[in-house]
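Open the model in your viewer and switch to a cartoon view. Keep the selection tool at hand.

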Amino acid sequence: MAVLNSTLLPLGLFLCLVMLFISTGSANFSDSCMLFTEIVPTTAPGIKASPDVYESDTTYTIHVPVNNNDDSVVMRAMDMNNKSLGLWHNADRNCASSSLYRVDSHSNFLRAYWESPHSMNISAVNIQAFTINIHRMATFSSLTLKRRAITTKPPIMISTTRPPTTHALPTARILNATSRLTTTSSVANGIFLSPIADALQILLVFLTSKLLF
């Protein structure tokens, strides 16, 4: 009996240690990047992204202001439903919904690289940065990347209305007819009066010659 008890005791202890390791490991998997104890307000400049509009399959450079007291920065990219998306490149640690970058003490900015997903159904993404100092206190900064607004030009309207047809007034035609009649009468009178004028001129010359001689 003593031998059986001595055998069961290490086995039970081993099982307890395994269960403790599993529970601790699952807890660290979900929060292993969130190494801060509280979030404090800050007046430091916010983070910036390049490019500054959202597009699918695009790698963004995120600039996070840091100082000598900062130890690391935790980056997250969340959609409008607060779900993590995309891929962080060159991170020192990748966690369930975030990635951790160690801060270089000789730089004033930390550069993180995030790749947007292929999906075209995403209209905006919120980039979040938790800057953790050596006292395990964090400052929070975020920005929202939105898709570029699509502008459409108004359609060109082509008028199919024909201009109204201008009709000549009847009076104009009457005036034209009168003008033609007047011109014809003048020509006829000139042709008729021409022989009479010649005969009168000959008669006048004849009478003048009789009187003189």
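Start with the pocket. This is a predicted model. Select strand E3 (59-65), strand E9 (124-133) and strand E10 (137-146): each gives at least two residues to the lining of the largest pocket. E10 supplies the largest share, 4 residues.

Now show side chains around that space. The lining counts 19 residues. Thr42, Ala44, Asp70, Thr131 and Thr139 lie nearest the pocket's centre. Colour the lining by class: 10 residues are nonpolar, 8 polar and 1 charged. The pocket holds about 260 Å³ of space.

Next, the sheet. Select 6 strands and trace them in the order E1-E10-E9-E4-E7-E6. The sheet is open, and its pairing is mixed. Strand E1 (38-39) and strand E6 (93-94) are the edge strands, each pairing on one side only.

Zoom in on strand E4 (residues 70-78) and strand E7 (residues 99-102). They run antiparallel and pair over 4 bridges. Pick Val74: its bridge partner in E7 is Leu100.

Last stop: the cysteines. Which two form a disulfide? Select Cys33 and Cys95, whose sulfur atoms sit 1.8 Å apart. Cys33 is in the loop between helix H1 (2-31) and E1, and Cys95 is in the loop between E6 and E7, so the bond ties together parts 62 residues apart in sequence. Look along the S-S bond: the link of Cys33 and Cys95 is right-handed, with 80° about that bond. The structure holds 1 disulfide.

Note on methods:
Residues are numbered from 1 along each chain as its sequence is written. This is a predicted model: local features need pLDDT of at least 70, side-chain atom pairs count only at pLDDT 80 or more; totals for chains, interfaces and linings use all residues. Side-chain values use heavy atoms; hydrogens and water are left out. Two strands pair if DSSP finds at least two bridges between them. On a 1 Å grid over the protein atoms alone, a cavity is a set of points where a 1.4 Å probe fits but cannot get out, and a pocket is an open set with protein on both sides within 12 Å along at least five of seven lines; lining residues have an atom within 4 Å of a point. Grid points are joined across faces, edges and corners, and a volume is the space filled by probe spheres set on the points. Ala, Val, Leu, Ile, Met, Phe, Trp, Tyr, Cys and Pro count as nonpolar, Asp, Glu, Lys and Arg as charged, and the others, Gly among them, as polar. A disulfide is a pair of cysteine sulfur atoms within 2.5 Å.
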